[in-house]
Each structure stands twice: as C-alpha cells, then as structure tokens.
Amino acid sequence: MKKELDYFYIGDSLGGNQEWFSGFMMKKGGCGAETACDISVYLAKSFGMTNLYPYSLSPVKKEEYVDFADKMRPYLSPRPMGINRLDIYMDGIEKYFRDAGSPDLITEPVDGNLPWEEAAEKLRAEIDAGYPVACLILKHKNPKMEDFVWHWFLLIGYETGENGCQAEDGEAHLSVKTVTYSEAQWLDFQELWETGYREKGGLVLLKRKSQS
C-alpha cells in the first residue's frame with residue numbers, strides 16, 4: 001500500500017525552504033517555523049482553511065511565503081538550542097492556529113521513545129486522514145540521516161507491503177516520504193526513528209478538538 005499527500009509546489013520547489021527566509025537565524029534555525037508555514041499552506045489548499053494562509057494559493061508565491069514566514073517567526077522563533085522539544089513546537093503552532101482563527105485545531109505528540117511500530121501506526125492514520133506530520137530528529141547514529149539531525153521536517157507519504165507494515169520476508173517495514181529544503185526523499189521509518197540516543201524528538205499530529 002502506498003499513500004502520498006497531494007502536496008504543493010512553489011515554482012519548482014516542493015513546499016517551502018528555510019533558505020529563502022530573511023535573517024541569518026531564520027535561514028539557519030528556521031526549520032520549525034518552515035514546517036508550520038508548510039502545514040498552514042497545505043491546510044489552506046486541501047481543507048479550505050484559508051485563514052491560516054491569507055495569501056495566493058493558485059499559485060503559492062515565493063515572495064508571499066517568505067512574508068508569511070516573518071509572521072510565523074514570533075510563534076516558532078529560532079533559539080540557541082533550537083526547538084528541541086515537542087511541547088515547544090506544539091505550543092507555538094497551536095498559538096498561531098488560535099490567533100489565525102482556528103482554535104479547534106490542536107496537536108498531539110508522539111514521543112520518540114515509543115517503539116517504532118506504534119509510532120508507525122499513528123503516522124499512517126494521520127496521513128490516511130490527509131494530514132502532513134511534523135517530525136523532529138535530534139541526534140542520530142546512522143550517517144545516512146545526517147541531513148535530518150537536530151531538524152524539523154515533514155512526512156507526507158508512506159509505503160508498506162501488502163500486509164501493512166509486514167514485508168515479504170516477514171520483517172516489519174515502512175517507508176516514509178520526507179520533505180525538507182524543497183526536496184522529497186523516501187526513508188526506512190525504523191532506521192529514521194531508532195536514533196541510537198536516549199535524547200529523542202518525535203512526531204506532532206494534527207487533531208480537531210472533537211477528535212481529541
């Protein structure tokens with residue numbers, strides 16, 4: 001089974017890019033704000049929540065997206081240690097949702113210490129519901145994941161075998177589609193999730209208050 005969200009482009013770029021942002025700190029440490037901007041654009045385009053992104057949607061324009069990022073900065077501003085906890089991100093993006101007129105839109109954490117299979121089920125349910133998933137990775141022992149270290153990014157798709165997360169060889173398996181810096185990449189979710197360190201990030205899910 002393969003599920004991919006109908007994600008948006010800005011010109012030739014898949015989603016936004018923190019390298020476009022104004023100011024050194026936003027370019028260097030604006031990944032949390034960038035994912036929140038992308039989520040807002042996506043919800044405006046896919047769910048009609050245009051209050052979250054009050055700019056052009058057809059097409060989404062780079063200059064307006066950068067202007068929007070300046071408005072998101074107070075909610076998820078870069079800091080010396082980064083936005084290194086799920087609750088910091090959740091507080092910031094929920095405050096933006098409230099201020100923008102969507103107080104019923106809330107978040108739910110998926111702690112990075114959960115077994116990967118449990119996290120995978122929550123991730124799949126969220127993407128099946130049509131929502132992108134914010135993911136935070138802190139340290140990671142796998143050199144293949146170096147681009148995702150101490151970084152917020154989005155998960156916008158998944159692929160499993162015919163038997164859910166069960167591959168043909170009997171081993172559990174899930175691939176996820178990541179998007180960051182305007183590019184998509186497919187990764188093994190277990191490899192991504194099992195960082196090899198005690199200090200972990202996790203996932204942030206979107207919910208309506210009626211669902212919580």
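Tyrosine 181 sits in the loop between β7 (175-180) and β8 (183-188). The model is predicted. In this model, Tyr181 has a phi near 50 degrees, a positive value in a residue other than glycine.

- Most residues other than glycine have a negative phi, and most peptide bonds are trans.
- Serine 182 lies in the loop between β7 and β8. Its phi is also positive, at about 70 degrees, and serine 182 is not a glycine.
- Serine 182 has 11%, which is under the 20% limit, so it is buried.
- Serine 58 and proline 59 are joined by a cis peptide bond, with omega about 5 degrees. Proline 59 belongs to the loop between α2 and α3.

**Helix α2 against helix α4**

- Helix α2 spans residues 31-47 and helix α4 spans residues 86-99. They pack at an angle of about 40 degrees, and their axes are 11 Å apart.
- From α2, the contact uses Gly32, Thr35, Ala36, Ile39 and Ser40. From α4, it uses Tyr89, Ile93, Tyr96 and Phe97.
- By class, that contact has six nonpolar residues, three polar residues and no charged ones.

**Helix α2 against helix α3**

- Helix α3 covers residues 62-72. It packs with α2 at an angle of about 120 degrees, with the axes 10 Å apart.
- This crossing, too, is right-handed.
- α2 contributes Ala33, Glu34, Ala36, Cys37, Asp38, Ser40 and Val41 to the contact. α3 contributes Tyr65, Phe68, Ala69 and Met72.
- The class count here is eight nonpolar, one polar and two charged residues.

**Nonpolar core**

- How many residues make up the largest nonpolar core? It has 71 residues. Tyr89 and Phe189 have the most contacts inside it.
- The largest share of this core comes from α2, with nine residues.
- Tyr89 is also one of the α4 residues in the contact with α2.
- Beyond four places away in sequence, Phe189 touches Trp116, Ala119, Ala120, Leu123, Leu155, Leu174, Ser175 and Val176.

- Alanine 119 is found in helix α5 (residues 116-128). Its relative accessible area is 0%, so it is buried.
- Leaving out residues up to four places away, alanine 119 touches Val110, Phe189, Trp193 and Leu203.
- Alanine 119 and aspartate 38 are 81 residues apart along the chain. Their C-alpha atoms are separated by 22 Å.
- Phenylalanine 153 is in strand β6 (residues 151-159). It counts as buried because its relative accessibility is 0%.
- Leucine 136 is 17 residues from phenylalanine 153 in sequence. The C-alpha to C-alpha distance of this pair is 6.7 Å.
- With the same exclusion of sequence neighbours up to four places away, phenylalanine 153 touches residues including Thr35, Val133, Phe148, Thr178 and Leu192. Thr35 is one of the α2 residues in the contact with α4.

Key:
Residues numbered from 1 in each chain as written. Predicted model: local features only at pLDDT ≥ 70, side-chain atom pairs only at ≥ 80, totals over all residues. Heavy atoms only, no water. Axes fitted to C-alpha atoms, helices over the stretch in contact; angles between N-to-C directions. Helix = DSSP H or I, 4+ residues; strand = E, 2+ residues; numbered from the N terminus. Contact = heavy atoms within 4.5 Å. Nonpolar A, V, L, I, M, F, W, Y, C, P; charged D, E, K, R; others polar. Core = buried A, V, L, I, M, F, W, Y, C linked by side-chain atoms within 4.5 Å. Buried < 20%, exposed > 50% of the residue type's maximum accessible area, 1.4 Å probe, protein only. Left-handed = near helix turned anticlockwise from the far one by under 90°.
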